[in-house]
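Me: Could you walk me through how to read cavities and strand pairing in a model like this one?

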Amino acid sequence: VPSYLPMAHIAERMVSHYAWLYEGIEVVCVPDLTQLAPTLVEVRPHRMFGPPRVWEKLQAGIMAAVAAAGEEKAAQFQGALEVGRQVDVLRRAGQEVPEQLAQMHAAIETMAFLPLRQRVGLDRMEIAFSGAAPLPVEVATFFRSIGVPFSEVYGMSENTGGMTWSPFEAIPGRVGRPWPGSQVRLAEDGEVLCRGGIVSRGYFKDPQRTAETFDADGWLHTGDIGEFDESGQLRIVDRKKELIITAGGKNISPANLEARLKSAPLVAQAAVIGDNQPYLVALLVLDPEVAPAWAAARGITGKSLAELALDPVVRAEVDRSVEEANGHFSHAEQVKKWAVLGEEWLPDSPQLTATMKLKRRGVLATYGDVIESLYA
C-alpha cells in the first residue's frame, strides 16, 4: 500500500496506519505526491486509496500517452475501452459474457490492458478506491474498463472514514451500501444520516458543534444530500450547505459540475460560483504537469503556467472542454463564463484543505476581483 496523503486525512490513517496494525500489510511511504507515479511502477501495490484528483491525473497521463501514439492507436484504444466496459457491466450484473465478446476481451487484455497496467504499476491491484470528494463517473468507468478493480467509498472523519462501500460490486457513480454494523438512512430533506459503532461521540471540547452534528438518538448528520438506487447503493448528490441558489431561484449542485469540469485533462481544479447571481461562472486551474506537456506536444514551449493560461491555443482547448462539460447539464446548470488560472492550488492553502477539498470561502476571498469581472 502506498502512503502519500497527509495524516490529517482519515482515509490515509485507515489505509496505511490502522490496516497495517490489523492485517500486517506492507506500507511504502511516498515523501512527495509528485513521486507517486514512479513509486507505483516500482512497488506495484495490491491496494490503493486516492482522492479523485489522483485518479483523474493517472487517467489523464494514460490518455495523453495514447494520444501521442497517433489517431489510429487512439481510436483502437477507445474501441478496446468499450469492450472492457461491456464486459465489466455484464460481470457486475452476474450475467454471462457472450463467447465472441469474451474472446475479444481476452485478446485485448493480453495485448493492451495488462501491458498498460504493468507500465503504470497497477497490474497487481486487488482493491483500488476513491473518496473524499465527488468522482466523475467516467473516471471510475475508465479504470474498471482497463481491468482495475475500482470502487468508491463514502465517509468522513466523524465516522472513522467510511460508512458505505461495495468494493466487489461497485457501480460507477455509487458509493456502495452501508458497512456492516452501521445504519445509514436519509432524512426528509435527503441528508445522509449515519449511526453505529463507527460514529464519534462528538467534537473534543466543542459542545455547540457536537449538538449541531450529532442528535440525541446518535445519528450523525453528514451535511450531504444523497439518494439510494434500486439496488440499495447510495449516490451522493451534493453538500447540503453548498447548493447554489441562483438569482432565478434555481437550486444547483456545484460539486457535480466541478467534477465534470475537472475531468478535462488540462484542468486540475475547478470552482463554480453563482449564489444569488443570474448565471454560473467558474474558475479553472491549469494542471501544472499535464498542461505544459500538452502544450509542448503542440510546439508551445518555454512558457510558465501563468503564460500558458493566457495562450490562445491552451485557452481554446479549455473552452472546448467546458462546452463539452456543459452538454451534460441543463441550460440553468451550465457555466456561462470562466477564467483560466495559471497558479497551482496546493493542499492546506487558502483554496484547498489538507485533504484537497475545496475551500469555497477561501476561493471567493482570493479571487473576488476575477469573479466580479466574470459578471461585468
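Reply: Happy to; we will take the cavities and then the strands. This is a predicted model, in which local features need pLDDT of at least 70, side-chain atom pairs count only at pLDDT 80 or more, and totals for chains, interfaces and linings use all residues. Residues are numbered from 1 along each chain as its sequence is written, and side-chain values use heavy atoms, with hydrogens and water left out.

Me: How many cavities of 30 Å³ or more are there?

Reply: Rolling a probe the size of a water molecule over the atoms shows where empty space is left. A cavity here is a set of points, on a 1 Å grid over the protein atoms alone, where a 1.4 Å probe fits but cannot get out; lining residues have an atom within 4 Å of a point. Grid points are joined across faces, edges and corners, and a volume is the space filled by probe spheres set on the points. By this rule the model has 2 cavities of 30 Å³ or more.

Me: Which residues line the largest cavity?

Reply: Its lining is made of Val-1, Pro-2, Tyr-4, Ala-11, Glu-12, Val-15 and Phe-49, around a volume of about 40 Å³. Helix H1 (residues 10-23) is the top contributor, with 3 residues; helices (H or I, at least four residues) and strands (E, at least two) are DSSP runs, numbered from the N terminus. The lining divides into 6 nonpolar, no polar and 1 charged, where Ala, Val, Leu, Ile, Met, Phe, Trp, Tyr, Cys and Pro count as nonpolar, Asp, Glu, Lys and Arg as charged, and the others, Gly among them, as polar.

Me: And what lines the second largest cavity?

Reply: That cavity has a volume of about 30 Å³, and its lining residues include Ala-140, Arg-144, Phe-150, Ser-151 and Glu-152. Helix H6 (137-145) and strand E5 (150-154) each supply at least two residues, with E5 giving the most, 3 residues.

Me: Is strand E14 mostly covered or exposed, and which way do its residues point?

Reply: In a regular strand the side chains alternate between the two faces of the sheet. In strand E14 (residues 280-286), 7 of its 7 residues are buried, meaning under 20% relative accessible area with a 1.4 Å probe, protein chains only. Leu-280, Ala-282, Leu-284 and Leu-286 point one way, while Val-281, Leu-283 and Val-285 point the other way.

Me: What are the partners of E14?

Reply: Strand E13 (residues 267-273) pairs with E14 in the antiparallel sense over 6 bridges, with Ile-273 opposite Val-281. The two form a hairpin with 6 residues between them, and Asn-276 in the turn has a positive phi of about 60 degrees. Strand E15 (residues 335-341) runs parallel to E14, joined by 6 bridges; there, Ala-339 is the bridge partner of Leu-283.

Key
On a 1 Å grid over the protein atoms alone, a cavity is a set of points where a 1.4 Å probe fits but cannot get out, and a pocket is an open set with protein on both sides within 12 Å along at least five of seven lines; lining residues have an atom within 4 Å of a point. Buried means under 20% relative accessible area, exposed over 50%, partly exposed in between (1.4 Å probe, protein chains only). Two strands pair if DSSP finds at least two bridges between them.
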